[in-house]
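Please keep the view open beside the text and look up each residue as it comes.

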Amino acid sequence: MTIVNCTVAVLLMLCAQCMHGSALPAVSSYDFTAYRMQQYNLAQQKHGCRGAIVVAEARSADEPSLTRRCVIMKIQDFTVETYFEALRQNAAAVLILLPQNISSVSHETVKSFMVSENEALQKETLIPVYVVPEDEQLLYMYDEVKQAAASRTSSILVRVLRSMVTATAFQLLVSNNNAIKAITDNTIVALEGALLGTGEDAPTIVITAHYDSYGLAPWLSYGADSNGSGVVILLELARLFQKLYSSSSTRPYNLLFSLTGGGKYNFLGTKRWIEENLDHAESSLLHDNVAFVLCLDTLAKGDELYVHVSRPPKPDTPLHSFVQQLEEVVFSRFPWVTVGLVHKKINLVESTVAWEHERYSLRRILGFTLSHVEDPKSELRGTILDTMSQVDFRKLKRNAIIIAEALARYMYNLSDKGSPKDIQVFKGQLDFQDSRMSSLMSFLTSVPRAAQLLHKEPGQILLVNSLEQEFKHYLQQVHRHTFRQDKRDPEITFFDQMNQPIVMYRVKPAAFDLFLGGCITAYLGIVYYSIQNFGHLYTKLKAAVKTKHQ
């Protein structure tokens, strides 16, 4: 009896040691902050995810069953197919791990993720979708659930034993159970400044860019190319033309500069700023004699420069003359760059506009947008992967030079005085400064510039205030316009809980408890059987020993 009990006990202890030696501590946990997918209503349409609460076990996207599970993905896993498959299976949540260094990710992976991100933002879903920067603990969890998914190719017996004995389950819990609330105190800020021309009847050129960013998660949207590039070029144009305007003889035009918010949400800041200038202001440079409006959007990449217009420019118009100057500068100094004219009519039936210049066109003000992006719906215009590491500063500076030289040649009638290669206005003291452009981009991407955050977060408020100081340093008649929405009928509605604390528990799966209970039951059964049949067992054991000695 004693020998049997000892033998069984040793076997169970070895089994238990094996089981626990391959598992993580059941009581360990890890806290981190995750950032929820966009949630907003625009033009009566709902976008993004409506859910925030997560209480679910982590699973890899490779698992066949994702129902009521939190699907863990790296950006290379996040495709249109995997995302919508998770939605189809009613997954509890999706958690996307964002690499710390985007530049280390292949171009193909970045492109694929951007396309999937753009598709996801077009749909509304009830499933919470979170993004979190990678760290050691989260990568460990990802590897574990990935290995668990890979084990399904093993035999059924191996899979069952692994699931019951060695597997570790990760439970994810959003500790904030408060209901999601609509944000009703939205404000949009527009900045305006001017370099005034000589004479009361001087025509006006408007140079504008929107400064907010957009992506899957507002707290991770830094918008380097879209549209930090447009803001950087606008600020440099303000600095350089301010030097040109130091003499009264070199001020043929009024230059009106504006930075607007809400650009990623139907250009609402631009719309309100135009209304303020045309419908409410007694005197405004927008009232009459506007030559054209130059909108800067997404200009930090590529060897293409597209002129987006609502209607083709007619000959002998200011816009037609400017485009000619643009083409001359490119052909003479940067022949590898292509210039294309993209004509897109405004569909009055649609509730949204594609480019900022369309807001001006709707008020019968001639405008156009310069961008290296041909398609207004391009994924490049709204992604959390649009960081400073993705900016090509040589191309950003080149595009800035092209725009500035074309503008100067148009304003000062330089066509008859020589080619763009012979006459270069912006050189020497008027050159674009690499260090300044880099520092401006670094400052703009130091905090996320999503519209939801700009009016209430300290870092974002400081950024807008600093942009206003830049205007005051170089421009005249600087004004700050703050537009508040009608709470009863807002044009856009944002929602709170955009960043959430999440707790990750490392625990044994429920099957392990069943397995352990079965082991204990089997042990007790063996002990009971041994007690009931002690005489019989003892006789057999004695006979076996005697036979061995003989």
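The points below take up helix packing, some backbone details and strand pairing.

1. Please bear in mind throughout that this is a predicted model, and that residues are numbered from 1 along each chain as its sequence is written.

2. At what angle do helix α8 and helix α10 pack? The angle between helix α8 (residues 318–333) and helix α10 (residues 393–411) is about 130°, and their axes are 8 Å apart. Angles of 65 to 115 degrees count as roughly perpendicular and those over 145 as roughly antiparallel, and α8 and α10 are therefore oblique to each other. The crossing in which α8 passes α10 is right-handed.

3. The contact between these two helices can be followed residue by residue. On the α8 side the residues include Pro318, Phe322, Leu326, Val329 and Arg333, and on the α10 side they include Ile401, Ile403, Ala406, Leu407 and Tyr410. Sorted by class, the residues of the contact of α8 with α10 comprise 11 nonpolar, 2 polar and 4 charged.

4. Helix α10 also packs with helix α11 (residues 434–444), here at an angle of about 110° and with the axes 11 Å apart. Since 65 to 115 degrees is the range for roughly perpendicular, α10 and α11 are therefore described as roughly perpendicular to each other. This crossing, in which α10 passes α11, is right-handed. Phe393, Leu396, Lys397 and Ala400 of α10 make the contact with Asp434, Met437, Ser438 and Met441 of α11, and by class the contact of α10 with α11 has 5 nonpolar, 1 polar and 2 charged residues.

5. Where is the cis peptide bond? A cis peptide bond joins Ser226 and Asn227, with omega at about 5°, and Asn227 lies in helix α6 (residues 224–244). I would ask you to find this bond in the view.

6. Asn90 has a positive phi of about 60° although it is not a glycine, and its place is in the loop between α2 (80–88) and β6 (93–98). Because its relative accessibility is 53%, Asn90 counts as exposed. Asn289 likewise has a positive phi of about 60° without being a glycine, and is found in the loop between α7 (268–280) and β14 (290–296). With a relative accessible area of 44%, Asn289 is partly exposed.

7. An open sheet of 5 strands runs in the order β7-β3-β2-β19-β10, and its pairing is mixed. The edges are held by β7 (124–125) and β10 (182–183), each of which has a single partner strand, so one side of each is left without a neighbour in the sheet. Strand β3 (residues 45–49) pairs with β7 in the parallel sense over 2 bridges, and Cys49 has Thr125 in β7 as its bridge partner.

8. Is strand β17 (residues 367–371) mostly covered or mostly exposed? The strand is mostly covered, with 5 of its 5 residues buried. Gly367, Thr369 and Ser371 point one way from β17, while Phe368 and Leu370 point the other way, and all are buried.

9. Strand β17 has pairings with both β14 and β15. With β14 the pairing is parallel over 4 bridges, and Cys295 stands opposite Thr369 in β17. With strand β15 (residues 304–309) the pairing is antiparallel over 4 bridges, and Tyr306 stands opposite Ser371 in β17.

How values were computed
This is a predicted model: local features need pLDDT of at least 70, side-chain atom pairs count only at pLDDT 80 or more; totals for chains, interfaces and linings use all residues. Side-chain values use heavy atoms; hydrogens and water are left out. Axes are lines fitted to C-alpha atoms, for helices over the stretch in contact, and angles run from 0 to 180 degrees between N-to-C directions. Angles under 35 degrees count as roughly parallel, over 145 as roughly antiparallel, 65 to 115 as roughly perpendicular and the rest as oblique. A crossing is left-handed if the near helix is turned anticlockwise from the far one by less than a right angle, and right-handed if clockwise. Contact means heavy atoms within 4.5 Å. Ala, Val, Leu, Ile, Met, Phe, Trp, Tyr, Cys and Pro count as nonpolar, Asp, Glu, Lys and Arg as charged, and the others, Gly among them, as polar. Buried means under 20% relative accessible area, exposed over 50%, partly exposed in between (1.4 Å probe, protein chains only). Two strands pair if DSSP finds at least two bridges between them.
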